[in-house]
Amino acid sequence: MTTSSIEILAEGDKLGECPFWDADHQRLFWSDIPASTIYTYDAVGARKSVYHQGHMTFGLVCNRDGGLIVTGPMGVHYLGGPDDVRPILSEFDGEALFMNDAIADAAGRVYAGTVYWGPEGLVKRGKLYLIDRDRSARIVHEGTGMSNGLGFSPDGRTLYYTDSYEHVIWAFDVEPATGALSGKRTFVQFTREDGLPDGLTVDAEGNVWSALWYAGRVVCHAPSGARVRTVEVPARQVASVMFGGRDLDELYITSSSVPFRSEALAPAGYDFDAPEPGGALFRVRLGVKGRLEHLADITPPPR
């Protein structure tokens with residue numbers, strides 16, 4: 001178990017999510033979902049800034065042209081700047097798309113999954129979509145309970161995909177030429193007492209780092225699936241993780257200060273009324289190097 005000193009870089013988020021490291025500008029993007037705000041943290045100037053307000057963002061990937069590909073309750077959008085939001089995909093085969101986490105592959109395509117959750121819990125199962133560079137889309141997996149964190153192995157041939165509803169991280173074989181998935185298998189099966197697996201990232205050695213909501217920790221699993229490290233976080237609801245910094249040796253962690261109430265998903269006896277000490281953006285140095293996430297290469301929709 002790791003008890004390394006964790007820095008608080010910024011505070012005040014209701015639900016900090018989808019961190020993405022922008023190496024060109026040495027800054028971290030992330031969103032506060034309920035506030036419909038995208039922030040940046042300038043690692044050189046140690047400064048938090050508002051990048052965009054007014055678009056609820058659950059997933060975020062930098063595009064090669066300098067824009068962002070963002071996902072959320074209205075599907076997939078291209079964000080060309082603070083005041084430039086263009087729809088890419090809002091429905092598929094007549095189904096409105098409520099999108100959660102997203103990731104780009106080496107070809108610049110974007111995987112993004114749907115979540116359909118209501119006051120009574122799961123409304124229906126979701127799907128994992130692949131959006132190609134020309135903005136066309138197709139389904140690559142079906143039946144997900146709560147689509148969440150995604151990550152590629154260093155060679156790009158394995159996709160890790162979190163289903164929070166099932167408390168599992170799946171592993172898929174990837175066909176690089178087409179993006180097709182096959183060979184679905186369990187990478188890590190968590191229990192309710194472990195916490196709810198949320199966002200994830202993969203380091204340079206192929207280890208998978210997963211944020212455990214309700215549990216106040218980030219866990220690291222070797223490519224074999226064995227747990228090899230645990231990082232305690234001073235927030236119960238840990239949302240997502242991303243490596244960044246000039247040497248990619250800094251782990252950024254987002255968290256929530258607003259309780260997600262689900263008796264079906266939380267550990268038995270979880271106190272939803274206890275104060276939530278989350279809402280901060282954290283950073284910790286663990287002597288581990290991450291990898292740069294791929295940039296999307298989606299052709300922007302016309303204005």
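At 6% relative accessibility, P301 counts as buried, where buried means under 20% relative accessible area, exposed over 50% and partly exposed in between, with a 1.4 Å probe and protein chains only. The model is predicted, so local features need pLDDT of at least 70 and side-chain atom pairs count only at pLDDT 80 or more, while totals for chains, interfaces and linings use all residues. Residues are numbered from 1 along each chain as its sequence is written, and side-chain values use heavy atoms, with hydrogens and water left out. The protein chain has zero helices and 28 strands; helices (H or I, at least four residues) and strands (E, at least two) are DSSP runs, numbered from the N terminus.

**Overall form**

- A compact globule of 303 residues would have a radius of gyration near 19 Å, and the 17 Å of the protein chain agrees with this. The radius is taken over C-alpha atoms, and the globule rule is 2.2 Å times the number of residues to the power 0.38.
- The C-alpha trace of the protein chain spans about 45 × 40 × 40 Å along its principal axes.
- Of the 303 residues, 59% count as buried.
- The protein chain exposes about 12000 Å², of which carbon and sulfur atoms supply 48%. Accessible areas come from the Shrake-Rupley method with a 1.4 Å probe, and for residues only the protein chains shown count as cover.
- Among contacts between residues at least 6 apart in sequence, 50% join residues at least 24 apart; contact means heavy atoms within 4.5 Å.

**Nonpolar cores and the end of the chain**

- The largest nonpolar core has 28 residues, and those with the most contacts inside it are I38, L60, L68, I88 and I131. Such a core is a set of buried Ala, Val, Leu, Ile, Met, Phe, Trp, Tyr and Cys residues joined through side-chain atoms within 4.5 Å.
- Elements that give two or more residues to this core include strand 2 (16-22), strand 7 (68-72), strand 9 (84-89) and strand 16 (126-131).
- Another core lies apart from it and has 18 residues, among them V218, V233, F243 and L251.
- Leaving aside neighbours within four places in sequence, I88 is in contact with I69, V76, H77, Y78, I131, R135, I298 and P301.
- P301 itself is placed in the segment after strand 28 (281-285). With neighbours within four places set aside, P301 is in contact with Y78, R86, P87, I88 and R135.
- P301 and R135 are 166 residues apart along the chain, and their C-alpha atoms are separated by 8.2 Å.

**Aromatic pairs**

- The structure holds 15 aromatic pairs. Rings of Phe, Tyr and Trp (its six-membered ring) pair if their centres lie within 6.5 Å; planes under 30 degrees apart count as stacked, over 60 as edge-to-face and the rest as tilted.
- F58 and F98 form an edge-to-face pair, with 5.2 Å from centre to centre and 80 degrees between the planes. F58 lies in the loop between strand 5 (47-53) and strand 6 (59-62) and F98 in the loop between strand 11 (95-96) and strand 12 (99-104), so the pair ties together parts that are 40 residues apart in sequence.
- F58 is buried at 14% relative accessibility, whereas F98 is partly exposed at 29%.
- The ring centres of W117 and Y165 are 6.0 Å apart and their planes are at 65 degrees, so this pair is edge-to-face. W117 is in strand 14 (residues 116-118) and Y165 in the loop between strand 19 (158-163) and strand 20 (168-174), 48 residues apart.
- W117 is partly exposed at 27% relative accessible area, and Y165 is partly exposed at 28%.
- W213, Y214, Y270 and F272 are linked into a cluster by ring pairs.

**Charges over rings**

- The charged end of K124 sits over the ring of Y116, 4.5 Å from its centre. A charge sits over a ring if NZ of Lys or CZ of Arg is within 6 Å of the ring centre and within 35 degrees of the ring normal.
- K184 lies over the face of W170, at 4.1 Å from the ring centre.

**Loop residues**

- A46, in the loop between strand 4 and strand 5, has a positive phi near 50 degrees and is exposed at 52% relative accessibility.
- L248, in the loop between strand 26 (238-244) and strand 27 (250-255), has a positive phi near 55 degrees and is buried at 13%.
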